[in-house]
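Hello,

Here is the structure I promised to pass on. Please have a look, and then read my notes below.

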Amino acid sequence: MKKILLSVGDLGGINPYLIYIVAKKYKDVNFELSISEKIFYDILKNFKIDKRLKNLFFDFPKVNISGIDFGKPSKKSTQLSIISLDFSIQKIKKGKNKYYGLLTMPICKEEVGKFIKGFGGHTEYLEQKFGKKLSMLLYSKRISVLPLTRHIKLENVENEIFKSEIKKQIKNLFDFYKNFLNKKPKILFLCINPHCSDGKLLGMSDEKFKKIVLNLKKEFKNIDGPVSADSAFNESNLKRYDTFVGVYHDQVLIPFKMLSFNDGVNITLGLDFLRVSPDHGPAYDLKCKRDLIDTTSTERSVEILLNLKSSQK
């Protein structure tokens with residue numbers, strides 16, 4: 001029986017509670033956690049949970065780590081999050097057909113960066129591990145967005161956008177819709193600068209970008225734009241387009257989180273399996289505040305893994 005493979009992320013925040021509550025809700029689904037059973041249930045005691053679930057399975061190498069600090073980032077919880085992620089990657093490389101896909105729970109990028117130089121996030125890390133260009137799709141029922149550049153300084157966007165393998169990222173996007181959603185998506189590109197540079201008033205970057213998009217239109221159908229980002233996210237466009245392709249992170253993540261703050265899912269495109277993650281962080285500040293913890297994004301992540309079937313053979 002297939003399982004959902006799960007990298008547990010940072011156990012010092014709300015991840016243990018999210019995993020437990022969602023597994024309890026989807027009781028007919030088996031979850032394989034890349035963590036030891038003892039570590040997981042010990043940390044759950046902070047949420048006053050001690051009952052074990054039959055659909056949670058554990059597989060983890062022996063490590064000499066115990067006594068995790070709860071409610072704050074720590075060296076121990078960060079080390080465990082890295083080991084859990086690496087072990088999950090090894091397992092899905094060896095036997096992807098055993099799993100619905102990989103669900104990676106939130107980590108603290110700042111803390112992980114102390115152990116892995118240049119760590120930019122799950123998507124960037126997976127690019128290194130699999131040696132291919134990947135894309136980050138933020139997906140919900142109401143809106144989906146893809147930033148062509150991700151976790152970089154705003155001052156570097158204009159130079160990096162032309163190094164971002166735009167054509168490959170659009171192919172990743174179209175392949176995802178074809179293989180998992182059985183449709184040809186309608187895509188709207190956003191410009192780089194305000195008002196698409198007002199002609200050439202703000203330089204030539206948008207003119208260069210427009211030529212790239214024009215060439216993409218010859219190969220991929222249903223592409224419009226680029227258009228000014230300040231008026232792109234209106235009701236008409238939200239109904240018309242499947243995905244908004246932006247130039248940088250906040251250009252598309254701000255409207256996405258305004259419209260889908262609790263139910264958005266991060267999907268990695270370009271892999272030969274589904275990798276999903278809740279669209280939020282470890283939330284250390286919500287320790288033990290069970291009534292304030294929203295499980296929706298994790299639930300949506302599980303539903304995507306269960307419901308989206310690849311048409312690839």
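**Helix 7 against helix 8**

Helix 7 and helix 8 cross in a right-handed manner (right-handed if the near helix is turned clockwise from the far one by less than a right angle, left-handed if anticlockwise). A word on the basis: this is a predicted model, where local features need pLDDT of at least 70 and side-chain atom pairs count only at pLDDT 80 or more, while totals for chains, interfaces and linings use all residues. Residues are numbered from 1 along each chain as its sequence is written, and side-chain values use heavy atoms, with hydrogens and water left out.

Helices (H or I, at least four residues) and strands (E, at least two) are DSSP runs, numbered from the N terminus. Helix 7 packs on helix 8 (residues 205–219) at an angle of about 40°, and the axes lie 11 Å apart (axes are lines fitted to C-alpha atoms, for helices over the stretch in contact, and angles run from 0 to 180 degrees between N-to-C directions). That makes the pair oblique (under 35 degrees is roughly parallel, over 145 roughly antiparallel, 65 to 115 roughly perpendicular, and the rest oblique). Ile 166, Lys 167 and Ile 170 of helix 7 are in contact with helix 8 through its Phe 209, Ile 212, Leu 216 and Glu 219 (contact means heavy atoms within 4.5 Å).

Helix 7 (residues 166–181) also holds Asn 179, which is buried at 12% relative accessibility (buried is under 20% relative accessible area, exposed over 50%, partly exposed in between, with a 1.4 Å probe and protein chains only). Asn 179 is 128 residues from Asn 307 in sequence, and 13 Å from it in space, C-alpha to C-alpha.

Helix 1 (residues 15–25) packs with helix 11 (residues 296–307) at about 50°, with the axes 10 Å apart. Leu 18, Val 22 and Lys 25 of helix 1 meet Thr 298, Glu 299 and Val 302 of helix 11.

In helix 2 (residues 37–44), the buried residues are Ile 39, Phe 40, Tyr 41, Ile 43 and Leu 44. They pack against helix 1, strand 2 (30–33), strand 3 (56–58) and helix 3 (75–95).

**His 122**

His 122 sits in helix 5 (residues 122–130) and is buried, with a relative accessible area of 10%. Leaving aside residues up to four places away in sequence, His 122 touches Leu 85, Thr 104, Met 105, Ile 107 and Arg 275.

Best wishes
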